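Colleague: I am new to this one. Could you walk me through it, feature by feature?

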Amino acid sequence: MIRRRGTRLGAPAVLADGRALSGAMLRQLFVGQCLVLALHLAWMPAWLVGVAVAVAGYRHVQLRRRLPRAGILLRLVAVAGVLVALWLQYGTLHGMEGLIGLLLGVYLLKLLETHSRRDARVVVLIGLVTTTVAFLHDQGILMALGALLAVAWLVQSLVWLAGAGGARQAWRETAWLLVLSAPLMALLFLVFPRLGPLWNMPQVDRASTGLTDEIAPGDIAQLSRSDARAFRVRFDGREPAPAERYWRVYTLSHFDGERWTRAEPRRLAAALGRPEGDFVREASRSPWLAETAPRFTAELLLEPDSRPWRPSLGAPLATDTRQRFLADGTLEGLTPLSSRSLLRLESTGLSPANPDPAGPGWHAMLPPRGNARTRELAERLWQESGGEPRAFLAAIMARFGEAPFRYTLSPPRLTSADRVDEFLFESRAGYCTHYASALAVLARAVGLPARVVAGFLGGERHPDGHFTVRDYDAHAWVEVWLDGGWQRIDPTAAIAPERIEEGAQAVDDGGEAFLADAPFSPLRMREIGWINRLRLDWERLEYRWQRGVIGYQREARSAFMSRLTARLQAFWAWLAEAAPGRGTFAALLGLLVAGAGLAVGALLLRLGWRRHREGRDERVLMRRLQAWLARRDLGPRPGESPSAHLRRIALLAGGAGPALDECAQQLERLRYARLGAAERRERRRRLVQRAAEVRRRLRRGPARA
């Protein structure tokens, strides 16, 4: 694009003239919209692609003079259409997805009224904001790479709008800007404290675990169809054996004849006439098991969840931040998780040893009627075991281990009013919730306090030592109050011991349901060695990214700053120890540092005073600019006016030409036009900006003869 020896350069292809835009620039903006929209498409409605294509098509036809410019009526109809479509999609515009969709719609429709450079810059700035918003969906590696590509394209669009001479120059300046900003971004990431949000934004109602605070027979079986990740964990020291990996999430103590539900502390306290503090405390250590020594210490990387539950390997003992410890062994966060978060946790690996304040009567309650055959079976087994609880429970487990009971991922649907009776005496096929519910009802039928616990069992161990727990690891088991403590009893161990040791994928009966909702999951091909290695390598990389980059919080920053300060202090101590005459050396070094500081301060004051004078007197600015150009063999000719000088060399200056032309135009207006004070200040400001742009562009390129 650069031509020398007095040959005039052509205008950049993306700009139609000094202010209006060409079709090439509109294509540039449309490609940027496509890149930004691609970051959101996995979470947002696909019809937004149709909006983008329709707007771009209208502008294409309009530029060929077949359609008029979009008027106010058309633009209002387009905005109303997007609002109605979002309301039909989500039922509200108050949620986060609706607000993000509205931002995307405004971004895409803005192209309808983009006719000048100013409009184009607004489109690019909205695109930068929309790119940042994409991290509310996901903060993984692929999202970061996609956002970097989108930002690079948008910055290149801004450079082109500023008058770049061509694509090569625009990309070169874009790369230069990104490289210069990278050290500052890294420094801010490492040392700048994390600030809380300046406003509250409605969160997406998503639950990463797939579990709910109530279950019925068959509910958890549906989770075997999904490979969605629930959380990841790394242990400090001893790792639990497969049979010890019971991650409790909910404790369910209320049974209505069909479903097991959680009794919230507030409602339980109101029902029993007790203070709420008897059932839940906010602390960083459990008040219920304060003297218990931890068996496991783990760091959990939790997925975003609209509910506040936190998984715990057995009863939780202590965390690195304040949490809500419930007396029934449940661990809650103070707020739901809007993004991935790290949690350090100490736990027992066992069921809670403390009695539940609700009392044994609460945990032995059953509906007054229903499941008559189950109650009769419980009475008979209790009599046969001589009224001894452990013998009674062993008899139930033995019964589950006999034919025709079977464990299946595709249990038959239970439809009668007496679901437990139907399972025990008719279908005799089910998943963990069927057996856990039946065992708890049988225990309660003879007065034994029992409750169901819903959570996860197992987890895939990766070669680097961390575990991944997924939806299909969801599990339910029973806790019975025996010998002064809650004892874990898992009927799945009797009917399908392979589920305990190897996970849900090891269950043969009904195995076609495993990962049925994830047909393209790489977990389906884990038997193929090279595919499984690629999957593990990617998951290890992604885990390190989430833990080290996304999980870099206040504690990590404080630790980094402490290490950096300690090393600087150690270096200073070594220097003082090694230098002769420590006192004199320290004094001289202090004087040197003070002198350097004064010199830097004086230089900054001089630069500030120079900027101040240039901003208030255009003649000073022009003298210095012409002197700077003369040092590059582009000085004025004898008798040549400043504006004529600038216009002459603009023909030879390549990418700096438009800035030189505008400098000449602004100078003439300031010298000869009658201007008000406000307009004169604005024109001086623009003259200073264009003069700086001239120096920046000519400094990077060769001097012109």
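Modeller: We will take strands, backbone details, annotated spans and salt bridges in turn. Keep in mind that this is a predicted model.

Colleague: Let us begin with the open sheet. In what order do its three strands lie?

Modeller: The order is β1-β5-β4, and the pairing is antiparallel. At the edges sit β1 (214–215) and β4 (254–255), each pairing on one side only.

Colleague: How many bridges hold β1 to β5?

Modeller: Two bridges, in the antiparallel sense, with β5 covering residues 260–261. Look at Glu-214 for an example: its bridge partner in β5 is Thr-261.

Colleague: Now strand β7. How should I read a strand's surroundings?

Modeller: Start with a general idea. In a regular strand the side chains alternate between the two faces of the sheet. Then check burial, where under 20% relative accessible area counts as buried. In β7 (residues 296–302), six of the seven residues are buried, so the strand is largely enclosed by the rest of the structure.

Colleague: Which residue of β7 is the bridge partner of Asp-236?

Modeller: Thr-297 is that partner. The contact belongs to the pairing of β7 with β2 (residues 229–236), which is antiparallel and has six bridges. Strand β7 also pairs with β12 (residues 341–347), again in the antiparallel sense, over seven bridges. There, Leu-302 stands opposite Ser-341.

Colleague: On to the backbone. Where is Pro-404 found, and is its peptide bond from Ala-403 cis or trans?

Modeller: The bond from Ala-403 to Pro-404 is cis, with omega near 10 degrees. Pro-404 is found in the loop between α10 (389–400) and β13 (406–407).

Colleague: Then Asp-483. Is it buried or exposed?

Modeller: Asp-483 is exposed, at 67% relative accessibility. Phi of Asp-483 is near 50 degrees, a positive value in a residue other than glycine. Asp-483 sits in the loop between β18 (474–482) and β19 (485–489).

Colleague: Which residues does the UniProt annotation "transmembrane region" cover?

Modeller: The unreviewed UniProt entry gives 30–58, 70–88, 94–112, 119–136, 142–162, 174–192 and 585–609. Residues 142–162 are 95% helix and 0% strand, and their end C-alpha atoms lie 30 Å apart. Residues 30–58 are 79% helix and 0% strand, with end C-alpha atoms 12 Å apart.

Colleague: Last topic: salt bridges. How many does a search of the whole structure find?

Modeller: The search finds 42. The general idea is simple. Side chains of opposite charge can pair when their charged atoms come close.

Colleague: Show me one. Which side chain meets that of Glu-113 in a salt bridge?

Modeller: The side chain of Arg-75, at 2.4 Å, N to O. Glu-113 lies in the loop between α4 (96–109) and α5 (117–133), and Arg-75 lies in helix α3 (residues 72–90), so the pair ties together parts 38 residues apart in sequence. Glu-113 is partly exposed at 27% relative accessibility. Arg-75 is partly exposed too, with a relative accessible area of 24%.

Colleague: And Asp-138 with Arg-340: are they buried or exposed?

Modeller: Asp-138 and Arg-340 are both buried. Their side chains meet in a salt bridge of 3.4 Å, N to O. Asp-138 is in the loop between α5 and α6 (141–161), Arg-340 in the loop between β11 (331–332) and β12, so the pair ties together parts 202 residues apart in sequence.

Colleague: What about Glu-668 and Arg-647? Where do they lie?

Modeller: Their side chains meet in a salt bridge at 2.7 Å, N to O. Glu-668 is in helix α20 (residues 657–672) and Arg-647 in helix α19 (residues 642–650), 21 residues apart. Glu-668 is partly exposed at 28% relative accessibility. Arg-647 is partly exposed, with a relative accessible area of 34%.

Colleague: Which residues do salt bridges with shared partners join into one network?

Modeller: Asp-138, Arg-229, Arg-232, Glu-303, Arg-340 and Glu-542.

Note on methods:
Residues are numbered from 1 along each chain as its sequence is written. This is a predicted model: local features need pLDDT of at least 70, side-chain atom pairs count only at pLDDT 80 or more; totals for chains, interfaces and linings use all residues. Side-chain values use heavy atoms; hydrogens and water are left out. Two strands pair if DSSP finds at least two bridges between them. Helices (H or I, at least four residues) and strands (E, at least two) are DSSP runs, numbered from the N terminus. Buried means under 20% relative accessible area, exposed over 50%, partly exposed in between (1.4 Å probe, protein chains only). UniProt positions are given in the numbering used here, feature names are shortened, and annotations may be inferred rather than shown by experiment. A salt bridge is a side-chain nitrogen of Lys or Arg within 4 Å of a carboxyl oxygen of Asp or Glu.
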